[in-house]
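Have the structure open as you read.

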Amino acid sequence: RAARLWAALDPALRERLAAASLHDAVRLGCDLLRSEEEEEAALLRLCHRAHTDKEPQAASWYREQGNREFKRGQYQAALRLYSKAASHELPGSPEVSVCFANRSAALLHLGHFEVCLEDIARAESHGYPDRLLPKVLLRKAECLLCLERLQEAQDILRVLESKIALDGVMTTHLTRLKKLSQLKVKSGGKEKYPEPAQEAHGGIQGEPEIWEENSRISGASSSLSLSFDAERGRHLVACKDIVPGQSLVKEEAFVSVLCPGESLAVQDGDTVWDTRATNADLYCHRCLRQLLASVPCQGCSYAKYCSQDCADVAWQQYHRTECSLGALLLTLGVFCHVALRTVLLAGFAEVSRLVAQSHRGDKNLQNPEARCRPLSDAGAGSRGIPGCGSSGQYQSSYQALFHLLPHTEQHSPEHKFLCTLSVVAICKQLQAAGLEAAVLNQASPQQWSKPKACEKTSAELSPELKTVAEAMLRHVLQLQCNAQAITVMQELGPGDGAVVDKNPVRLATAFFPVLSLLNHSCCPNTSVSFSGTAATVRASQPISSGQEVLHCYGPHWCRMRVAERQQLLSQYFFECRCRACLEELESGVKSVVSIRNSFCCPKCRAQMQGEEDTLCCSNEACATSASRDHLSGRLQDLQQQTKKALDLLRVGKADQAIKMLLKCQMDAGTFLSPEHLLMGEMEDHLAQIYATLGKWQEAARHLKKSIEIVEKHHGPSSVETGHELFKLAQILFNGFAVSEALSTIQRAEGILSVHFGPQSAQIQELQEMKACLSELPRNILQRT
């Protein structure tokens, strides 16, 4: 719609918008949306597809689905459905308490006793019906017994026995619990229930690393210094020699917004709700911790939190403003949402101060030459490097974030137009919903919880909201070059197998002002990992004093050819001149990716080559030719067949999955290089299936072949190789191949600790496996 509106604009107006400053673009955008009521109506229609309001009908349906899964013994599925039901119930409704009580039953079955008690407390505080209380109190007593809190359990059992008339089933259950309680008292509470792995805390801890924070750059190591030049802008340089695995930056995101994940598109008139769990159901919307029993927002069905504390802080900081705008923010996308939350967290006073400063012609924002003064010259009151405070410190602050370049002149006019319309639409909705005072930090808490229904948004924006819109437009444009994806390793499948397969998943989009100082390289010398909303940058290879510290923005030399990398990097408005790109461009030699992922001759197995549609065998004596399109079609068919094999595994047809994959391997061997990534993926899938069947030796054999290919593509010390070795360690551990498991664990530890640190979950699991194997009797260790 925005593209059509842009095309219909008067050419003179298009030129004005294309050349407009951020301030003028907002003013023009306001004028356009004021006169285009049809566009406002279209946006409202789009918003109706994103269901973020409370819907009691949906709550009832989800609860019924949860009851069905619970009866089938599918407690994890029931847990998620009860959470969905709770998020759709109206505040104060007695049905909310039923959702929490039902969820507590699923938590008890899953062994999450502490969280079960929290849900029971929630059910009681939300007015759980008196007639049903005995059942919940019995559940509470059982949890307390499991947690060795004997006195509390006995107190509840006495109350139940003396005051409540129980039916036969409950009396039997109460008697059993009382006997168990007495036995525990006699044994001094020595009998322990096994705690599930998900709630286990502590364990073997890695050695705490030595960390000395930089006095000039918040969250950065003292091994780094901040530099500036016209070509590279702000960047970080090693001022000491740095070893692999050393932490260089530890930064909490200034702002982060959860990416909602995929969900089924709900058509108008549909009454079927989506039961799939997306990011929005799996992670806290504030701190990004994994959710077990979510605390829903009181105002919308979308926002969910890991605790009441997180819910309260989010409401106070930004959600009181965002709550009624949920559908609009989901419709306009995560960049717009990040931009709004950024100004809400910064506060209007700081936003208006920096916007006004940019209006006064702060040349440092646009003129590279004016910004080339080294940090050491930045005295008190001087500007120094952009984003630094008056003392010359660069902090993870709104000031630093504001000074990230928006590249206003380099974005396409159409893109700038779409971003302008989006931020103006949000500000108009804020004004129409009566939220302007909250945005300007002028409202009282009583007003925050009662936004007006937003129906018409055509009123002229106030000067203050135009300032907010200008800051938001700056941030949306900045995000194209400075957005950081927060990723997590997410389990594939149900996650209940002996070998856990994980893939990186984009969880949230964030602004990290210090992390944004790192320039790109297709062959970086750092690795970035995340824990919640915190990022840690570690050296992935030795970095000499004076060398620039570099981060990969996505296109890595191991994964794609130079032409593909340069095309992807064009969104950042620079041409990559890193070592990998220069070598590939200047030598004219084919990249390793091209060679390893190439087609091979069906007759003599030599590499096929050629830039046109017809590929020829590189062996002159052979002279076989083939159509590139034909070979690409065969490759796509193989990829589809591989997916079908995995679908067969998911429905329990492992034997059929193996047959299909082995056939795929034979077909692939006739026209793909033996080192093609698909060959490695098929070996990996075969290992996964054999592990599911408990055939550990077969699984290990296939996974070793996969590791050989992964090493050739990504390198022996890459994070990809580390993840594959982690899986091999699990397989060898389960297969009781003790000595080989110990050596694999040691190698996996060495690689993964460099990328994720010694206290990461994977390192802890590897150390637990090692400790378990090391405790075996000596005669068993000698035999294996």
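Is D647 buried, partly exposed or exposed? D647 is partly exposed, with a relative accessible area of 40%. Keep in mind that this is a predicted model.

## A pair within one helix

D647 has a partner: its side chain meets that of R650 in a salt bridge, 2.7 Å from N to O. Both belong to helix α25 (residues 628-650), and because they are three residues apart, about one helical turn separates them. R650 counts as exposed, at 60% relative accessibility.

## Pairs across the chain

The structure holds 28 salt bridges. One of them joins R149 and E114, whose closest N and O atoms are 3.7 Å apart. R149 lies in the loop between α9 (133-146) and α10 (150-163), while E114 is in helix α8 (residues 113-125), so the pair ties together parts 35 residues apart in sequence. R149 is partly exposed at 29%, and so is E114 at 39%.

D684 and K727 also form a salt bridge (2.8 Å, N to O). This pair links distant parts of the chain, with D684 in helix α27 (residues 677-692) and K727 in helix α29 (residues 719-734), 43 residues apart. Here D684 is buried, with a relative accessible area of 10%, and K727 counts as buried too, at 9%.

## A network and a patch

Salt bridges can also be chained up: R103, E118, D119 and R122 are linked in a network of them.

On the surface, E611, E612, D613 and D629 gather in a patch of negative charge. D613 sits in the loop between β13 (608-609) and β14 (614-617), and it is partly exposed at 37%.

Note on methods: Residues are numbered from 1 along each chain as its sequence is written. This is a predicted model: local features need pLDDT of at least 70, side-chain atom pairs count only at pLDDT 80 or more; totals for chains, interfaces and linings use all residues. Side-chain values use heavy atoms; hydrogens and water are left out. Patches are made of residues with over 30% relative accessible area and no salt bridge: like charges are joined within 9 Å, nonpolar side chains (Val, Leu, Ile, Met, Phe, Trp, Tyr) within 5 Å. Accessible areas come from the Shrake-Rupley method with a 1.4 Å probe; for residues, only the protein chains shown count as cover. A salt bridge is a side-chain nitrogen of Lys or Arg within 4 Å of a carboxyl oxygen of Asp or Glu. Lys and Arg count as positive and Asp and Glu as negative; His and the chain ends are not counted. The place of a charge is taken as NZ of Lys, CZ of Arg, CG of Asp or CD of Glu. Helices (H or I, at least four residues) and strands (E, at least two) are DSSP runs, numbered from the N terminus. Buried means under 20% relative accessible area, exposed over 50%, partly exposed in between (1.4 Å probe, protein chains only).
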